Amino acid sequence: RSALIEANDEPTRIVTVGVDPLHAPIELAAGDRVDVWSTPSDTPMSGPVSATDGTLGPTLVLENVLVEVVSADSMGSRLAVVVRVAPEDVATVVQASRSGVIDLVSVPATSQDLPS
């Protein structure tokens, strides 16, 4: 577990998001880094969410997020992906996960901006 904790001492929070297996990298695992995207859903509860140009589309929620745990339900229909985020980003992640479909995009090691 200590190997997954980032080198800096900045406070973080742990947030779990539900993700369809087809919307996450194959073999996603703890220690991976992902970008979190949300595509708005048109539901009575949340209503349609428009992009700046008036169209519905994916929005980048957070970049280069550390994955803590990945767990599939017994039927394999959803993944519970636990991510580590800054406290000020918690509301953004929760809102995105409740108002749309979450996609996780792998961040290759060569593109990761890791603390020194």
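Author: Two strands are said to pair if DSSP finds at least two bridges between them. The model shown here is a predicted one. The part to look at is its sheet.

Start with the setting. The protein contains 1 helix and 5 strands, and along the sequence they follow the pattern β-β-β-β-α-β. In the open sheet, the 5 strands stand in the order β1-β4-β3-β2-β5, with antiparallel pairing. Its edge strands are β1 (13–19) and β5 (100–106), each of which pairs on one side only. On average, neighbouring strands of this sheet are turned by 45° against each other, with direction ignored.

β1 pairs with strand β4 (residues 79–85) in the antiparallel sense, over 7 bridges.

S38 shows both pairings: its bridge partner in β3 is T59, and its bridge partner in β5 is I102. Of the 8 residues of β2, 6 are buried, so the strand is largely enclosed by the rest of the structure. For comparison, 29% of the 116 residues of the protein count as buried.

What do the strands contribute to the interior? In soluble globular proteins, nonpolar side chains tend to be buried together. Here the largest nonpolar core has 19 residues, and V81 and L104 have the most contacts inside it. The elements giving two or more residues to this core are β1, β2, β3, β4, α1 (90–99) and β5.

Neighbours within four places in sequence left aside, L104 is in contact with V19, H23, A24, P25, L28, V34, D35, V36 and V81.

Finally, consider the protein as a whole. Among contacts between residues at least 6 apart in sequence, 75% join residues at least 24 apart. The accessible surface comes to about 7,400 Å², and 54% of that belongs to carbon and sulfur atoms.

Technical notes:
Residues are numbered from 1 along each chain as its sequence is written. This is a predicted model: local features need pLDDT of at least 70, side-chain atom pairs count only at pLDDT 80 or more; totals for chains, interfaces and linings use all residues. Side-chain values use heavy atoms; hydrogens and water are left out. Helices (H or I, at least four residues) and strands (E, at least two) are DSSP runs, numbered from the N terminus. Axes are lines fitted to C-alpha atoms, for helices over the stretch in contact, and angles run from 0 to 180 degrees between N-to-C directions. Buried means under 20% relative accessible area, exposed over 50%, partly exposed in between (1.4 Å probe, protein chains only). A nonpolar core is a set of buried Ala, Val, Leu, Ile, Met, Phe, Trp, Tyr and Cys residues joined through side-chain atoms within 4.5 Å. Contact means heavy atoms within 4.5 Å. Accessible areas come from the Shrake-Rupley method with a 1.4 Å probe; for residues, only the protein chains shown count as cover.
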